[in-house]
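Try each task before you read its solution.

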Amino acid sequence: MKDRRLFLRRSAAVVSGAAAAALVGRASAEPLAGEPWERVYGAGFTRYGQPSRFEQPVGRHFGQPYGELAPGSGAALSPIEALEGIITPNPVHFIRSHSGTPDIDPKAHRLYIHGLVDRPLRFSVDALLHYPRITRTYFLECSGNSSRALTPQPAQVPAGAMHGNISCAEWTGFPLRMLLEEAGVRPQAKWILAEGADSAHMSRSVPLEKALDDAVIALYQNGERLRPEQGYPLRLLLPGWEGNMSVKWLRRIKLTDEPTHTKDETSKYTDALPDGRALQFTFEMGVKSVITRPSSTMQLAERGFQEISGIAWSGAGRVRRVEVSTDGGKTWAEAALTGAERPRALVRFRYPWQWNGGTALLQSCAIDEKGNVQPVRRDWVARYAPDARFHNNSIVSWAVETDGRVKHVYA
Amino acid sequence: MSTRSRIAIGTVLTLVACATAQRADQPAPRYGEPVSAAELARWDISIPPGGAGLPAGSGTAREGLKVYEQHCLACHGAKGVGKPADALAGGIGSLATKTPLRTVGSYWPYSTTLFDYVRRAMPLNNPLSLSDADVYAVSAYVLFLNGIIAEDTVMNAQTLPQVKMPNREGFISDWPPRPRN
């Protein structure tokens, strides 16, 4: 250290005037500023990058209704409370699976297209990788998202543990229409049955109209090949529709004249009504928003400026407006939007707020380009059966207490 | 930049522009391979309400009890009461109450869905392992537990689709979409 000071003093000596005097004074009092990592050579390259070790607590929230008996059945929800912007990083995109994630060898995987077609066809994954590609940004939301916000008492868990069955990615693949036209759609065909190669062979009926419109065979997600938990080597992607229909690990498409009435479009993913009946084939995801910062279980550090920020989306198209209330819906103000030009993708909204140290009740309400308005919770609850748990797009409420704690409340 | 490299880049740009223009008129690629009915039969496992595609074989609830005890009981409980997995029986008449119980018997609109789902996904730890006769039998057992068929009613490709489920009329199709509110 002594040698270093000497070196600095000598270097300074060549500088003349008042500036030189100041430099000498600082250098002689303390060594140059710099944390330990600034004084050692950094780590070498990694082939596949990882977040900072200080960000390791950021991760998906598990919902495993059968526990260790079936650890891959249920959902791993995206930590929306810790994420920013619009795109969900692949490692924390939400997962919903019925029988775990299959370990598919792309060389052995095949996609069949058959049923009411002129030419039943089989496609290898290599063949599918040769079609001309498109890239689109779309959200995916499980229609069971926010079912945890329907429990009798409001759960005090992070926002993502309740509302994190939503993610948004840039998907690359090609229109399903190309394969259907190659097989030759017969006039009697009105639906397709899409089936996965997981051990549940998850299957859903999709109207042919959607299959020929904007349905995508997705091969890449955010620039890299799909991950196993997202359907590797290929998945169906139905923009704006309930996530369950975007069948992962796609192995078969059968064209049919009627829906097949599979388990996941009858016993599940149907919307139970108070009179005992249920709505079936409610495909489009409703207009919705949730404030992610601040949100449940967080703590406001100090009074003064707080940015209220969150995500909004609509299966019907573009989000036109998001309004924020800090007084439980008595007054509303328009938030600034990022990404609102893209239909069926997440939008980031932001609203500047001054917290004066009092109680506050934070809510957000999204309105889409078709004029759909996110419903208040009590209206949504009244519309469905007591055990309904799909398509809950109702307004979420976070209460700020005088000590800065943020709690989940029903309002 | 030298004159030579400017010329080279100009040539590349021209080629790219031509290639793009040509592609718009090209026919779509066709990489699908023809597939035989015999090959498809091994993969085509979806069964619609009309029963098309139901395989040969048959079973009764009496036979199905053995299949159930061996493959299903650990998760679905004795007589389909559920826990940890879904309840399979009971709840008929409960759907409009404050405590609805949604089971195969009380909620599922089609018997074919039961056969289809058991054959494609159950048991959870060993799917595609049951014989078609076993799937008919265990489907019959679940229907019997719900009081929908008798213990000795034979379930096969002809009889299963004819079973009228109690909640057959309980669903309102939302496709094509109806106006909300």
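**Exercise 1**

How many of the six residues of strand β4 (residues 110–115) of chain A are buried?

*Solution.* Keep in mind that this is a predicted model. Start from the cut-off: a residue is buried if 20 or more other C-beta atoms lie within 10 Å of its own. By that test five of the six residues of β4(A) are buried, and the strand is mostly covered.

Next, look for the partners of this strand. β4(A) pairs with strand β5 (residues 121–124) of chain A in the antiparallel sense, over four bridges. One point to find is R110(A), whose bridge partner in β5(A) is S124(A).

Now turn to strand β13 (residues 250–256) of chain A. Here the pairing with β4(A) is parallel, again over four bridges. In this pair, H114(A) has K254(A) in β13(A) as its bridge partner.

**Exercise 2**

Find the strand order of the open sheet of five strands in chain A, and name its edge strands.

*Solution.* Trace the sheet across: the order is β19-β18-β22-β23-β24, and the pairing is antiparallel. The edges are β19 (333–334) and β24 (406–409) of chain A, each of which pairs on one side only.

Strand β18 (residues 319–325) of chain A runs antiparallel to β19(A), and two bridges join them.

**Exercise 3**

Describe how domain 1 of chain A meets domain 2 of chain A.

*Solution.* First set the bounds: domain 1 covers 92–274 and domain 2 covers 288–409. Their C-alpha centres lie 28 Å apart.

Second, count the contacts: 25 residues of domain 1 touch 24 residues of domain 2 in chain A. On the domain 1 side, the elements that give two or more residues are β6 (134–141), α4 (159–163) and β14 (271–272) of chain A. The largest share, three residues, comes from β6(A).

Third, sort that side of domain 1 by residue type: 16 are nonpolar, eight polar and one charged.

**Exercise 4**

Which element of chain B gives the most to the side that touches chain A?

*Solution.* Begin with the totals: 40 residues of chain B are in contact with 51 residues of chain A. At least two residues each come from β1 (33–34), α2 (37–43), α5 and β4 (171–173) of chain B. With five residues, α5(B) gives the most. By type, this side of chain B has 27 nonpolar, five polar and eight charged residues.

Strand pairing also crosses between the chains. Strand β15 (residues 278–280) of chain A pairs with β4(B) in the parallel sense over three bridges. Within that pair, Q280(A) stands opposite S173(B).

**Exercise 5**

Why can helix α5 (residues 111–121) of chain B be called largely enclosed by the rest of the structure?

*Solution.* Apply the burial count again, this time along the helix. Ten of the eleven residues of α5(B) are buried, so the helix is largely enclosed by the rest of the structure. Among the buried ones are L114(B), F115(B), Y117(B) and V118(B), and D116(B), R119(B) and R120(B) are also on the list.

Last, ask what packs against them. Within chain B, the buried residues of α5(B) pack against α6 (132–145).

Key: Residues are numbered from 1 along each chain as its sequence is written. Chains are lettered from A and ligands numbered from 1 in the order in which they are written. This is a predicted model: local features need pLDDT of at least 70, side-chain atom pairs count only at pLDDT 80 or more; totals for chains, interfaces and linings use all residues. A residue is buried if 20 or more other C-beta atoms lie within 10 Å of its own, exposed if 12 or fewer, and partly exposed in between; C-beta atoms are placed from the backbone. Two residues are in contact if their C-beta atoms, placed from the backbone, lie within 7 Å. Ala, Val, Leu, Ile, Met, Phe, Trp, Tyr, Cys and Pro count as nonpolar, Asp, Glu, Lys and Arg as charged, and the others, Gly among them, as polar. Two strands pair if DSSP finds at least two bridges between them. Domain bounds come from an automatic or database domain assignment.
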